[in-house]
Amino acid sequence: MTLKLAVMGAGLIGREHANLIQANSRVELAAIADVSEVGKAFAAEHGVRCFSDIVDMLDAIKPDGAIIALPNALHADAALACISRGIPSLVEKPVADTLEAAMRLTEAVQRFGVPVLVGHQRRHSPDIAKARQLVRDGALGRLVAVNALWMTDKPNDYFNAAWRSKAGGGPLLINLIHDIDCLRFICGDIESVMAFSSNAVRAFEVEDTASVSVRFASGALGTLLMSDTAVSPYNWDTAAGQALYFPHQPENAYVFAGTKASLSLPLMDLWKHETDEGHWQHPLLRQHVTLDGSRAYENQLNHFADVVEGKAEPIVSAGDGMMTLATILAIAKAGQERRVVTIEEMLQ
Ligand SMILES: NC(=O)c1ccc[n+]([C@@H]2O[C@H](COP(=O)([O-])OP(=O)(O)OC[C@H]3O[C@@H](n4cnc5c(N)ncnc54)[C@H](O)[C@@H]3O)[C@@H](O)[C@H]2O)c1
């Protein structure tokens, strides 16, 4: 039986979700909810009804599942509307725009048992999954240091959608949150953070650039650099070739360094000595780690179909999405207050 999926928000990513649904034989596009003329025209092109109210759509269509691709501030209420109707949802990241909203949602998932999958699609990408396996299996030895880069140049008209340049938007919450989620998925929870942030180029109320230092609960240390106004191939989106609407420019965006080996990705180079006695005066062997070639967004949609059918628990639960959100909000706070912020403090 094909699953009827409804899409809320036919903007940049909602349209991609709709296209992915139409290309997947397990699911069908049941309806779209969007308030804009562009959204209505998109629904008409795809031969489905368009509702201007998400609740009206849920009640009229009674979909098997819903994909929530609305602006960040609307995520939690939309997911709660799904939960109260027993409808599993795939809610785009961030799970909510505030921790309070994320907590309300997490509690509702626990109370009513209706699953919510958070759209950190990189976890469904084979390079990220492989890195997690290698780190967790000890292929790098004890993990000591991690580096992640997310730097690219967004066009000015991207900010015509006003929510993107105001509190609750911004590249920490829109973009670096993916890298933080990957690092948590691969290396485990982050315990505390420090950061500098700057809005010197775009002069929006949100940052355009940030440098971040993190300590994982395991004791490993990490650094991240982020800018949405720098010309650079050093970001996972273009480097991995997994994104839907970016060119593929093979490069590395992450380095994981351990006491036995280092791993860079998405190019998937594993660097280690030939023998256990090797050290910095010995040449390193570079081994390419092969992947299965599967696609992150397609894997995510298939996983969501499994969740709707009750065959799988969400790989990224609402609670997990909340921990990633707490970490990115800690980074924002650390940048504003110029001090170390713990994740525990954020959750209190
Ligand atoms: N996982 C990813 O790869 C990825 C990529 C891009 C965006 N996102 C996330 O997806 C979400 C949407 O981002 P976007 O860039 O597509 O935004 P967007 O502004 O392009 O699209 C949002 C859409 O929601 C519609 N909308 C707004 N209020 C509405 C309401 N009350 N009812 C119905 N429709 C409404 C707007 O008309 C618009 O079409 C954000 O949370 C963003 O962080 C995720």
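Visitor: What does Thr152 touch, not counting residues up to four places away in sequence?
Guide: Thr152 touches Ser227, Asp228, Thr229, Ala230, Ser232 and Asn235. Bear in mind that this is a predicted model.

Visitor: And where does Thr152 sit?
Guide: In the loop between strand 7 (143-151) and helix 7 (170-187).

Visitor: Buried or exposed, that Thr152?
Guide: Buried: the relative accessible area of Thr152 is 17%, and the cut-off for buried is under 20%.

Visitor: How far is Thr152 from Pro233, in sequence and in space?
Guide: They are 81 residues apart along the chain, but C-alpha to C-alpha the separation of Thr152 and Pro233 is 6.9 Å.

Visitor: OK, zooming out. What's the secondary structure count?
Guide: The protein chain has 11 helices and 15 strands. Its radius of gyration is 20 Å, close to the 20 Å that the globule rule gives for 348 residues, so the chain is as compact as a globular protein of that length.

Visitor: What box do the C-alpha atoms fill?
Guide: Roughly 70 × 45 × 40 Å, taken along the principal axes.

Visitor: How much of the chain is buried?
Guide: Buried residues are 53% of the 348. As for contacts between residues at least 6 apart in sequence, 65% of them join residues at least 24 apart.

Visitor: And what about the surface and the charges?
Guide: The accessible surface is about 15,400 Å², with 52% of it belonging to carbon and sulfur atoms. There are 30 positive and 41 negative charges, and their mean positions are 2 Å apart.

Visitor: Let's do helices. Which residues of helix 9 are buried?
Guide: Helix 9 covers residues 296-308, and its buried residues are Ala296, Tyr297, Gln300, Leu301, His303, Phe304, Ala305, Val307 and Val308.

Visitor: What do those pack against?
Guide: The buried residues of helix 9 pack against helix 1 (12-22) and against several strands: strand 1 (3-8), strand 2 (27-33), strand 4 (65-68), strand 5 (89-91) and strand 6 (116-118).

Visitor: What comes after helix 9?
Guide: Gly310 follows, with a positive phi near 80°. Helix 5 (residues 99-112) also has a glycine just after it, Gly113, where phi is positive at about 65°.

Visitor: How long is helix 5, then?
Guide: Helix 5 has 14 residues and reaches 20 Å from first C-alpha to last, close to the 20 Å expected at 1.5 Å a residue.

Visitor: And what do its buried residues pack against?
Guide: The buried residues of helix 5, among them Leu99, Ala102 and Thr106, pack against helix 4 (75-84), strand 6, helix 10 and helix 11 (343-347).

Visitor: Where does Met322 lie, and what does it touch?
Guide: Met322 lies in helix 10. Leaving out residues up to four places away in sequence, Met322 touches Val95, Leu99, Ala102, Met103, Thr106 and Leu347. Met322 counts as buried, at 11% relative accessibility. Leu347 is 25 residues from Met322 in sequence, and the two are 9.4 Å apart C-alpha to C-alpha.

Visitor: What about Thr327, buried or exposed?
Guide: Thr327 counts as buried, at 1% relative accessibility. Thr327 is also placed in helix 10, which spans residues 318-337.

Visitor: Now the backbone. Where is there a cis peptide bond?
Guide: One joins Lys93 and Pro94, with omega about -10°; Pro94 is in the loop between strand 5 and helix 5. The bond from Leu265 to Pro266 is cis too, with omega near 15°, and Pro266 lies in the loop between strand 12 (261-265) and strand 13 (269-272).

Visitor: Why flag those?
Guide: Because most peptide bonds are trans, and most residues other than glycine have a negative phi.

Visitor: Which residue other than glycine has a positive phi?
Guide: Lys62 is one of them, with phi near 45°, and Arg338 has a positive phi of about 50°. Lys62 is in the loop between helix 3 (54-61) and strand 4, while Arg338 lies in the loop between helix 10 and strand 15 (341-342).

Visitor: Are those two buried or exposed?
Guide: Lys62 counts as exposed at 58% relative accessibility, and Arg338 counts as exposed at 58%.

Notes:
Residues numbered from 1 in each chain as written. Predicted model: local features only at pLDDT ≥ 70, side-chain atom pairs only at ≥ 80, totals over all residues. Heavy atoms only, no water. Helix = DSSP H or I, 4+ residues; strand = E, 2+ residues; numbered from the N terminus. Rg over C-alpha atoms; globule rule 2.2 N^0.38 Å. Buried < 20%, exposed > 50% of the residue type's maximum accessible area, 1.4 Å probe, protein only. Contact = heavy atoms within 4.5 Å. Areas by Shrake-Rupley, 256 points an atom, 1.4 Å probe, with all protein chains shown as cover. Lys, Arg positive; Asp, Glu negative; His and termini not counted. Charge placed at Lys NZ, Arg CZ, Asp CG, Glu CD. Expected span 1.5 Å × (residues − 1).
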